[in-house]
Amino acid sequence: MSPRAFLIVMDSVGIGGAPDAAAFFNEGRPDTGANTLAHIAQACAEGRANAGRSGPLKLPHLDQLGLSAAVELASGEKLPGLGAKPQGLWGAASEVSKGKDTPSGHWELAGVPVPWDWHYFKEIENSFPPDLVDFVAKAAGTEGILGNCHAPGTAIMERLGEEHLRTGWPICYTSADSVFQIAAHEESFGLERLLDLCQAIAPRLHEMKVGRVIARPFVGVPGAFTRTPNRRDFAIEPPAPTLLDWVQGAGRTTHAIGKIGDIFSHRGITHLHKGKNDADLMDHLIRLGDEAEPGSLTFANFVEFDSLYGHRRDVAGYARALEWFDGALARFLPKLRPGDLALFTADHGNDPTWSGTDHTRERVPVLGCGIGLRAVGQVGYADIGASVAAHLGVPACGPGKSFL
């Protein structure tokens, strides 16, 4: 029976040590020294992350694969309370793409480093040029837009939601990422209208090398607005065939869990599995552990480490999410069949103890289950995609080299 592969991205779970961290910044502070996992573990050990949990960070399944060893390899840091002798494949990966964003990380993990510089809207206020503002308003059928600034999505929804209901103008905002986001009320503005608007403006933003246009629908009333699970990303297409294309092109089945479909512009994907939260996505992963076809690739992204806790600099929340994820692996790992490979990694860091609210430039863990103990050392992101392809017996077309 042909072996299967599961590539699982723990979004933003960095392990420090990026060699070029000094070139990336949060509120003017270079990312040198940022270390998502080590700083969370230190906070837990010191009793500074006890909201909803207590004590040292507990990640027995990931640690047994080699998590602590990977962190020490990447950054020289130790994880307090952890330190198991590795029993799986373990190493650390560095990125060469110039962005510390979601598409850059995922594309490179799938074998395709980004060959261009992303466009960023750097101004905190009046972030978008007037001609783009006019273009978006015209596409929306409104006299203007709201926002036009850098902002966290939940905060701007709360601040401008009432005005949005009154005027009907879309709420447009950005962040340190290469992104243009539009928040709108699903009922008063209309979900389909919001999605159509994002789809209509996406080509112009992509021409500017803005990575994603994101629809951010919400519902509720002033003082009680909540986002819905109907977010949709309209991402620029990868510049070359990725791991998903390689596998599908070889006649194999590919499964995308979570926002993988959006990140890869739905290219190379046979089946898409979505959910309203990471718990739903974990249910999909566990189910596919039973159901995924021989020779198939399952590519999953678990986003809430990043979206709910990293950007919000919530150390205890991040720790809770890590412990939940590790506990859920007790349900997934036994589903692996002889010859299967499950690789756990990340796309960037998002140190919740760091300045600002942006991602942090870090190395990421490479942890594998299914082929026994193997120390792969320092590798590149693209080597992960090449290794998955090699495991599946599929030709790889990118610059990465298999470490299997």
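This is a predicted model: local features need pLDDT of at least 70, side-chain atom pairs count only at pLDDT 80 or more; totals for chains, interfaces and linings use all residues.
Student: Back up a bit, please. Which residues belong to domain 1 and which to domain 2?

Tutor: According to the domain assignment, domain 1 takes in 5-114 + 239-392, while domain 2 covers 130-234. For the contact, domain 1 supplies 11 residues and domain 2 supplies 8 residues.

Student: How far apart are their C-alpha centres, and what area do they bury between them?

Tutor: The two C-alpha centres are 29 Å apart. Together the domains bury about 790 Å², and 50% of that is on carbon and sulfur atoms.

Student: Changing topic: where does Arg53 sit?

Tutor: You'll find Arg53 in the loop between α1 (36-45) and α2 (60-65).

Student: Is Arg53 buried or exposed, and why?

Tutor: Arg53 counts as buried because its relative accessible area is 9%, and the cut-off for buried is under 20%.

Student: So what does the side chain of Arg53 make a polar contact with?

Tutor: Its partner is the side chain of Glu323, at 2.9 Å. Setting aside residues up to four places away in sequence, Arg53 touches Cys44, Lys58, Ala316, Ala319, Arg320 and Glu323.

Student: Nice. What about Ser178, where is that?

Tutor: Ser178 is in the loop between β6 (171-174) and β7 (179-185). With a relative accessible area of 5%, Ser178 is buried.

Student: Which residues is Ser178 in contact with, leaving aside neighbours within four places?

Tutor: The list is Trp118, His119, Tyr120, Lys209, Val210, Gly211 and Arg212. Trp118 is 60 residues from Ser178 along the chain, yet their C-alpha atoms are separated by 6.2 Å. As for Lys209, the side chain of Ser178 reaches its backbone oxygen at 3.4 Å.

Student: Can we look at helix α13 now? How many of its residues are buried?

Tutor: For α13 (residues 381-392), 11 of the 12 residues are buried, so the helix is largely enclosed by the rest of the structure. Among the buried ones are Tyr381, Ile384, His391 and Leu392.

Student: And what follows α13?

Tutor: Gly393 does, and its phi is positive, near 75°. Val394 is also found in the segment after α13.

Student: Is Val394 buried or exposed?

Tutor: Buried, with a relative accessible area of 6%. Val394 is in contact with Trp246, Val247, Ala250, Arg252 and Ala389, leaving aside neighbours within four places in sequence. Although Val394 and Trp246 are 148 residues apart in sequence, they are 6.8 Å apart in space, C-alpha to C-alpha.

Student: You mentioned a positive phi for Gly393. What is the phi of Asn126?

Tutor: Asn126 has a phi near 50°, which is positive in a residue other than glycine. Asn126 lies in the loop between α4 (102-109) and α5 (130-140), and with a relative accessible area of 60% it is exposed.

Student: Last one! What about the phi of Arg313?

Tutor: Arg313 has a positive phi of about 55°, although it is not a glycine. Look for Arg313 in the loop between α11 (304-310) and α12 (315-332). Arg313 is buried, with a relative accessible area of 17%.

How values were computed:
Residues are numbered from 1 along each chain as its sequence is written. Side-chain values use heavy atoms; hydrogens and water are left out. Domain bounds come from an automatic or database domain assignment. Contact means heavy atoms within 4.5 Å. Buried area is the accessible area (1.4 Å probe) that two parts lose on being put together, summed over both. Helices (H or I, at least four residues) and strands (E, at least two) are DSSP runs, numbered from the N terminus. Buried means under 20% relative accessible area, exposed over 50%, partly exposed in between (1.4 Å probe, protein chains only). A polar contact is a pair of N or O atoms within 3.5 Å; within protein, one must be able to donate a hydrogen and the other to accept it, and residues adjacent in sequence count only if both atoms are side-chain atoms.
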